[in-house]
Amino acid sequence: MQQDLANAANGSTAGSSHNSSAEMQQDIHANGTATEGEEKCSYANGGPRTPIVHLDQTERDIVRLIGQHLKIVGLERSADLLMEESGCCLEHPAAIKFRTHVLSGDWVKADHDLQELHPLIDGKHNSIGFSAFQEMRFLLLEQKYLEFLEEGRPLDALHVLRNELTPLQHNTPRVHQLSSYMMCANNEELYQRASWEGKGVKSRNKLMDRLQNFLPPSVMLPPRRLRSLLSQAVEMQTERCTCHDMAWETNLENVSLLVDHCCSQDEFPMQPLQVLNEHCDEVWFCKFSPDGLKLATGSKDTSVIIWDVDPKGLCVKQRRTLDGHTYGVSFIAWHPDSKHLIVGGPEDCPDLWVWNIEEEKMRTKVSHSPEDSLTCAAFSHDGTRFVTGGVRGQFYFCDIDGTIHDTIDGVRVNGLYFKSDNRTVLAADTHHRIRSYAFDGPRGDQTLVQEQHAIMTFSVNSTERLALLNISQQGLHLWDLQDRCLVRRFQGVTQGNYTIYSTFGGINESFVASGSEDNKVYIWHIKREEPLARLVGHTRTVNCVTWNPVYPALLASASDDGTVRLWGPKKIPQHTNSAESDDCSSTSSSSSCMTT
C-alpha cells in the first residue's frame, strides 16, 4: 500500500487501472496545493494554529513549495509538521474536498465542490478563450462519461452525454468525438481511440493536473511546482554556460542542484595540437570530410593534401598529395560519401577537378570554356549531382561525371549550398544577396538574404535554418533563412576584402568559428556576440576554419603563413603506440590560446 501511495503521488500507477475508492481516498494530497488567503487556510490541514515564527510572503511561498514536494514523495507527516510549525497551509478547504472527490470518482460531489470554487476562478479563461469554469466542468463530465463506458454502463454514459455534456454548449467538436466512442467494441478500442488509460489513479491524477491549471496558486499550487522551478533554473544556467555543448540533454536527473552548472573549457578545442608544414605556399582552404576521418587542405602551391584523422589520438597523418591544379586551390567540396571531392581554383581558374580519394585518381575534369571562372561548388545530399559557378556569370548543374545538365545564365556567384531536398540551391551573388534556385522543376527563385556589402563566403548549419556569412568590411553575420532576418553580428573578427571561410561546430552546432585578417582564429557561442576565445599562433591571415562534424574536439585552420594548425582540448588522450604518436607529432610550442 505504501508503494501505491508513492506511485499515486507522482502521477503514475503500478498495476491495474481499476483502484478501489479506499485507495483513491489516500491519494488526496498527492500534489499539495494552496489556499485563497492565509485568513482562509487555518483549517486546511487540521484545526487552527498559531505560527511559531513570523514569515514574509516569499518565505511562506517557499514553505508551501517544500510542503507540496514532501507530499509528492510520500513524506506526509513531515509536510504536516512543516505546515503546523510555519503556520502555513497548502490548500483552500474547498480544494481539499475537490481533490478528494475527483480522485475517488465521486463526480456529483466533485461538481458541487467546483460550484463552491467558482467565485475563485470566475473570469479566468483557458488558452483558446473558453471559460475556465466551463472547461473544468467539461473535463469532469468527460472523465465520468468515459468511466461509465469502461464499466459497461452505456445508458448511464448516454445520460451524461445528452443531459450533462451537451447542455454545456462547450467544445462541440469534442462532444461529437466522445459520442463516437459509444461504438467501441471493447475497452481496448476505447483506450486507443480516446488516448485514455482507463479508470484509476493514473487517469484521475492526470485529470487533476489539468484541473489545477485553472485554479489560482493561492487556492492550489500548480502540479509539482518546485520541480518545475528547479528545471527552469537548470535550463537558465545551461543557457548562460559559455562552453555548454552536451551530447545529452541537461536536466534535473543528470546535474547537481548543489552547484551552478558550468561546462569546463578543458574539453573545448582551444589548445594547439599540431602544425602541418607540408604545403610550400599560402594555404587557402581546409575541410574535414563528412565522416570526420579525413582532412583536405588546399594551397596556392597547386596541391591538395589528404590527411587521415586519428579521433582517439586527436591528430592527423598525411595520406597522399593531389597535384596538377594549375591556378592553385581556393576551395574544396566533399562528397557525402567522404570518398570523392571537388577541387577548384581562384577567379581566373576555368577548370574543376573531381577526385576519387579511395582509388587515388581523378574521376573527371570539368572544363567547359576557357572564359569560365569556377570558384565554388557543392554536392547534392544524395551525391548524384553537383552545382558550380563563378563571378563571371557561370552557374552549371552537373552530374558526378561532370556532364552539364542545366544552366542559369547571368548569375555571378561566389558561394553555393545544395539543400537536402536535392533540388534547391542557395547561391551568394555579386549583388550582396543569397538567393534560392530550384532545379528539376518549376523555377522558384527568391531572395533569402540581402546585405549592404559583399558576401565573401557563407555556410549553412545542418538544420538549414541558419547561415553564417563573412561580409566584406563588416565581419561575421548570422542569418535566419526561414525568417529572413539578421540574427547576430559577431564581434572581434577583422574582415576586409579577403576570402575567409567560417564554420558551425560543436556537438549541437552551438558554436561558430572564423578566420581573421589579424592572424587569429575566433570562436563564439552562437547566442553571444563577444568571442569565447581567440586562438593565437598563425603569423598571417587565417583564410579558413573547419570544425570536425563527427569529432567536435577537433578544429583546423589554414593560413597565408603556409601552415595548417590543428586545435583540440586541453586534455589529450595518451597514445598507446609510440610509432603512431611520432607520425602524428609536429606540434609548435609557439602557439597559444587567449580566452575571453
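Here is a run of questions and answers about this predicted model.

Q: What makes up the chain in terms of helices and strands, and how much of the chain is buried?
A: The chain has 13 helices and 29 strands. Of its 596 residues, 52% are buried, and a residue gets that label when its relative accessible area is under 20%. As for contacts between residues at least 6 apart in sequence, 53% of them join residues at least 24 apart.

Q: Why is α7 called roughly antiparallel to α8?
A: Helix α7 (residues 132-150) packs against helix α8 (residues 154-165) at about 160°, and the axes are 8 Å apart. Angles over 145 degrees count as roughly antiparallel, so that is the label for α7 and α8. The crossing of α7 past α8 is left-handed.

Q: Which residues make the contact between α7 and α8?
A: From α7 come Phe138, Leu141, Glu142, Lys144, Tyr145, Phe148 and Leu149. From α8 come Asp156, Ala157, Val160, Leu161, Glu164 and Leu165. By type, that contact has 9 nonpolar residues, 4 charged ones and no polar ones.

Q: What makes α7 roughly antiparallel to α10?
A: Again it's the angle: α7 and helix α10 (residues 187-194) pack at about 155°, with 10 Å between their axes. The cut-off for roughly antiparallel is over 145 degrees, so α7 and α10 qualify. On the α7 side the contact uses Leu146, Leu149 and Glu150, and on the α10 side Asn187, Leu190, Tyr191 and Ala194. Those residues split into 5 nonpolar, 1 polar and 1 charged.

Q: Why is Histidine 112 called exposed?
A: Its relative accessible area is 54%, and exposed means over 50%, so Histidine 112 gets that label. Histidine 112 sits in helix α6 (residues 107-121). From Histidine 112 to histidine 101 you go 11 residues in sequence and 9.8 Å in space, C-alpha to C-alpha.

Q: Why is Serine 420 described as partly exposed?
A: Serine 420 has a relative accessible area of 43%. Buried would need under 20% and exposed over 50%, so Serine 420 ends up as partly exposed. You'll find Serine 420 in the loop between β14 (413-418) and β15 (424-429).

Q: What does Serine 420 touch, leaving out residues up to four places away in sequence?
A: Serine 420 touches His381 and Glu464. Serine 462 is 42 residues from Serine 420 in sequence, with 9.3 Å between the C-alpha atoms.

Q: Why do β10 and β13 stand at the edges of their sheet?
A: Here the open sheet of 4 strands runs β10-β11-β12-β13, with antiparallel pairing. β10 (376-379) and β13 (404-407) have a single partner strand each, so one side of each lacks a neighbour in the sheet. The average twist here is 20° from one strand to the next.

Q: How do you know that β12 pairs with β13?
A: Strand β12 (residues 395-399) and β13 are joined by 3 bridges and run antiparallel, and at least two bridges are needed for pairing. Tyrosine 396 is found opposite threonine 407 in β13.

Q: Which residues lie on the covered face of β25, and which on the uncovered one?
A: In strand β25 (residues 533-536), Ala533 and Leu535 are on the covered face, while Arg534 and Val536 are on the uncovered one. In a regular strand, side chains alternate between the two faces of the sheet.

Q: What makes β24 and β25 a pair?
A: Strand β24 (residues 521-525) meets β25 over 3 bridges in the antiparallel sense, against a requirement of at least two. Valine 521 has leucine 535 of β25 as its bridge partner.

Definitions and conventions. Residues are numbered from 1 along each chain as its sequence is written. This is a predicted model: local features need pLDDT of at least 70, side-chain atom pairs count only at pLDDT 80 or more; totals for chains, interfaces and linings use all residues. Side-chain values use heavy atoms; hydrogens and water are left out. Axes are lines fitted to C-alpha atoms, for helices over the stretch in contact, and angles run from 0 to 180 degrees between N-to-C directions. Helices (H or I, at least four residues) and strands (E, at least two) are DSSP runs, numbered from the N terminus. Angles under 35 degrees count as roughly parallel, over 145 as roughly antiparallel, 65 to 115 as roughly perpendicular and the rest as oblique. A crossing is left-handed if the near helix is turned anticlockwise from the far one by less than a right angle, and right-handed if clockwise. Contact means heavy atoms within 4.5 Å. Ala, Val, Leu, Ile, Met, Phe, Trp, Tyr, Cys and Pro count as nonpolar, Asp, Glu, Lys and Arg as charged, and the others, Gly among them, as polar. Buried means under 20% relative accessible area, exposed over 50%, partly exposed in between (1.4 Å probe, protein chains only).
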